[in-house]
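Good morning, and thank you for coming.

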Amino acid sequence: MIQAGTILVNGQGHLEIGGCDTVELAQRYGTPLYIMDEELLRKNCRRFRNALRQSYSHGQIIFAGKAFLVQAMARLVGEEGLGLDVVSGGELYTALKAGFPTERIFFHGNNKSVKELAEALDVDTGRIIVDSIMELEEIIALAKEKGKKASVLLRVRPGVEAHTHEYIQTGQEDSKFGFALGDEALEGVNLVLSAPDQLELAGFHCHIGSQIFQVDPFRLAAQTMLKFMALVREKTGFVVSQLNMGGGLGIRYRSSDAPPTIESFVSSLATAVTRAAKENDFPLPELLLEPGRSICGEAGITLYRVGVIKEVPGIRRYVSVDGGMMDNIRPALYGAEYEAVLANKADREGVRNVTVAGKACESGDIIINEVLLPEVEKDDLLAVFSTGAYCYSMASNYNRNPRPGVLFVRNGKARAAVRRETYEHLVALDM
Ligand code: LLP
């Protein structure tokens, strides 16, 4: 069991989150169901902000919306004073619908469409993180047309390899993201500086990967970035004022996982940036961080109802639940591992290992390969931990399964942040 936030086992032996009994939540809202611990979401936002304030002179925490973005989340993040990283017109639209302050929005993406760039310019998003020369040319043309000026950060690849799954590694040399450090990035800088009426060069961005437990790759990236910022100053005379180090801090999916705390991560990074600035005799840049998973990952659980239980003699016992790869693609995509308990028997000892399977028509639809559970019976409730990031946001309607709803729970109260889809939603766009 991942002991995160307000999760506990109550007097009835049921799993509780946000002061709500999950057995009651399942009865009232149905399953599968995503449940988010609002207290923990807010606490993580504050921990990031306080840690940055305490270890660095000036900076900003920007929530990476790709991890989990719905209007309720955008509002929460806005209330907690964070910025918001959006990566598509759809995420931007969600943020705007939620009333998120546009000056705190950062627009990302390696292949933004002209339409998306126009949308970003129209609403004056705080900054656009530019990924390529082609995109720069497009923004300049659009800004001319619209009589707008955009503040940009150039995303570069610092050539740092983080120890994580290769699909979620992004900072290395061979990557679709960003400018190659060196000539390509310098060409980008010169292009920005050549269009002072349309563009303002705020600074640089890098993101080395996700679900990272080591601080060293971040330190290395910070050194590389400051060295490059000093090079830009030397070659162009321009001194940028911002450094965005991306996201990437890992969380606990298994009890044995031991990521750095938010505080130690932020302070190590702040120290690394401060040191690297000094080494390069560069003025301390504003430090921007873009955590996604580490803000919302452990705050979420998914609640499933157990259906068919099948024994493959001498091999394994399959426990099938009413969701699967459509609400959590991560085991199938990354080999991600999760822990779970029976929410209605959370006080009972585990008696045997089982395999938790989903209901999709795929042999690979396995949520957990091996988990020790009490004797499982049909209609038991299974709670999978740490599903607050990259589960709802990556969910699909595979096999025409309606997507689950999302509940926010806090102080014994539950509120629906997203309604459960119905069959009507599934056919709503069919012609
Ligand atoms: N900033 C940028 C530019 C990013 O590309 C990402 C994540 C983040 C921030 C947030 O990173 P985080 O703090 O969440 O690690 N779907 C994968 C993760 C993909 C991450 C993509 N970029 C997963 O489920 O593990």
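A word on the source comes before the details. This is a predicted model, in which local features need pLDDT of at least 70 and side-chain atom pairs count only at pLDDT 80 or more, while totals for chains, interfaces and linings use all residues. Residues are numbered from 1 along each chain as its sequence is written, and side-chain values use heavy atoms, with hydrogens and water left out.

Let us begin with the whole protein. Along its principal axes, the C-alpha trace spans about 70 × 50 × 40 Å. The radius of gyration, taken over C-alpha atoms, is 23 Å. For 431 residues, a compact globule would have a value near 22 Å, so the two agree; the globule rule is 2.2 Å times the number of residues to the power 0.38. How much of the protein is buried? Buried residues make up 56% of the 431 residues. Here buried means under 20% relative accessible area, exposed means over 50%, and partly exposed lies in between, with a 1.4 Å probe and protein chains only.

The protein has 12 helices and 21 strands. Both are DSSP runs numbered from the N terminus: helices are H or I with at least four residues, and strands are E with at least two.

I turn now to the strands. As a general point, strands of a sheet pair through backbone hydrogen bonds, either parallel or antiparallel. Two strands are said to pair if DSSP finds at least two bridges between them. In what order do the strands of the open sheet lie? Three strands form this sheet in the order β1-β2-β3, and the pairing is antiparallel. Its edge strands are β1 (8-9) and β3 (20-21), each of which pairs on one side only. Strand β2, residues 15-17, is joined to β3 by two bridges in the antiparallel sense, and Ile17 stands opposite Cys20 in β3.

Elsewhere, strand β11 (residues 199-205) is largely enclosed by the rest of the structure, because six of its seven residues are buried. Strand β9, residues 150-157, pairs with β11 in the parallel sense over six bridges; Val152 has Leu201 in β11 as its bridge partner.

Is Gln242 buried or exposed? At 9% relative accessibility, Gln242 counts as buried. Its side chain makes a polar contact with the side chain of Glu286, at 3.4 Å. A polar contact is a pair of N or O atoms within 3.5 Å; within protein, one must be able to donate a hydrogen and the other to accept it, and residues adjacent in sequence count only if both atoms are side-chain atoms.

Next come some backbone details. Most residues other than glycine have a negative phi, and most peptide bonds are trans. The peptide bond from Thr31 to Pro32, however, is cis, with omega near -10°. Pro32 is found in the loop between α1 (22-29) and β4 (33-37). Ser386 has a positive phi, near 60°, and lies in the loop between β19 (381-384) and β20 (405-410). Asn399 is also placed in the loop between β19 and β20, and its phi is positive too, near 65°. Ser386 is buried, with a relative accessible area of 2%, whereas Asn399 is partly exposed, at 33%.

Finally, we come to the ligand. Which residues come nearest to the ligand? Of the 19 residues around it, these are Ser210, Glu290, Arg330, Tyr334 and Tyr390; a residue is near a molecule if one of its heavy atoms lies within 4 Å of it. By class, this shell has six nonpolar, seven polar and six charged residues. Ala, Val, Leu, Ile, Met, Phe, Trp, Tyr, Cys and Pro count as nonpolar, Asp, Glu, Lys and Arg as charged, and the others, Gly among them, as polar.

A nitrogen atom of the ligand is 2.7 Å from an N or O atom in the side chain of Glu290. An oxygen atom of the ligand lies 2.7 Å from an N or O atom in the side chain of Tyr390, and an oxygen atom of the ligand is 2.9 Å from a polar backbone atom of Gly292. The protein covers 92% of the 580 Å² of accessible area that the ligand has on its own, by the Shrake-Rupley method with a 1.4 Å probe; for residues, only the protein chains shown count as cover.
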